[in-house]
Amino acid sequence: MHQFRSQLFQALRQGTHELTHMESKVLGFFVRRPGATQSDLVQQTGRDKAQLARLIKGLRERGLLDAVADEADRRNLRLTPTDAGLAIQRALQRQARQLEAQAVTGLDAAEKARLLELLRRVQANLAAGKS
């Protein structure tokens with residue numbers, strides 16, 4: 001997994017987007033949940049509010065996120081990706097799919113299914129250990 005992420009984010013840094021790992025995660029969150037707030041992101045990730053505020057500010061300054069004041073509470077901003085932000089996210093997804101295909105080259109369907117089953121068990125074991 002480390003090798004996969006390393007190669008994916010190396011492509012990020014070397015591409016025209018120049019996003020950090022955390023910037024791509026923040027952008028991806030708002031692509032999946034347009035109109036969410038910074039508080040939603042903090043709650044979902046458990047990350048430091050100030051760190052996320054800086055990341056959001058940077059993405060807004062670069063034109064990747066738009067913000068609109070919440071109608072119910074004008075102090076909250078609803079964040080959505082811009083067309084440029086969506087384009088970057090699509091490019092990242094394409095890169096991820098290419099890397100995924102490369103990672104399982106030579107495995108047949110049964111091996112891929114078994115690998116997925118084992119990875120899910122590992123994930124469940126790690127999640128159970130958090131308690």
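**Pockets, a helix and its cap**

Author: Let's start with the second largest pocket: T37, Q38, S39, K49, I56, R60, R75, N76, L77 and L79 line it. The elements giving two or more residues to that lining are α3, α4 (49–61) and β2 (77–81). This is a predicted model, where local features need pLDDT of at least 70, side-chain atom pairs count only at pLDDT 80 or more, and totals for chains, interfaces and linings use all residues. Residues are numbered from 1 along each chain as its sequence is written, and side-chain values use heavy atoms, with hydrogens and water left out.

Reader: What makes something a pocket, and what makes a residue part of its lining?

Author: On a 1 Å grid over the protein atoms alone, a pocket is an open set of points with protein on both sides within 12 Å along at least five of seven lines, and a lining residue has an atom within 4 Å of a point. For the largest pocket, 36 residues pass that lining test, and M1, F4, R5, K25 and Q123 lie nearest its centre. α6 gives the most to this lining, with nine residues.

Reader: Which residues of the largest pocket's lining count as nonpolar, polar or charged, by class?

Author: Ala, Val, Leu, Ile, Met, Phe, Trp, Tyr, Cys and Pro count as nonpolar, Asp, Glu, Lys and Arg as charged, and the others, Gly among them, as polar. By that sorting, the lining of the largest pocket has 21 nonpolar, eight polar and seven charged residues.

Reader: Why does the length of helix α6 agree with what a helix should span?

Author: A helix here is a DSSP run (H or I, at least four residues), numbered from the N terminus. The expected span is 1.5 Å times one less than the number of residues. α6 has 21 residues (109–129), so it should span 30 Å, and its end C-alpha atoms are 31 Å apart, which agrees.

Reader: What makes D108 a cap for α6?

Author: A polar contact is a pair of N or O atoms within 3.5 Å, one able to donate a hydrogen and the other to accept it; residues adjacent in sequence count only if both atoms are side-chain atoms. A side-chain oxygen of D108 lies 3.1 Å from the backbone nitrogen of A110, and D108 caps the N-terminal end of α6.

Note on methods: On a 1 Å grid over the protein atoms alone, a cavity is a set of points where a 1.4 Å probe fits but cannot get out, and a pocket is an open set with protein on both sides within 12 Å along at least five of seven lines; lining residues have an atom within 4 Å of a point.
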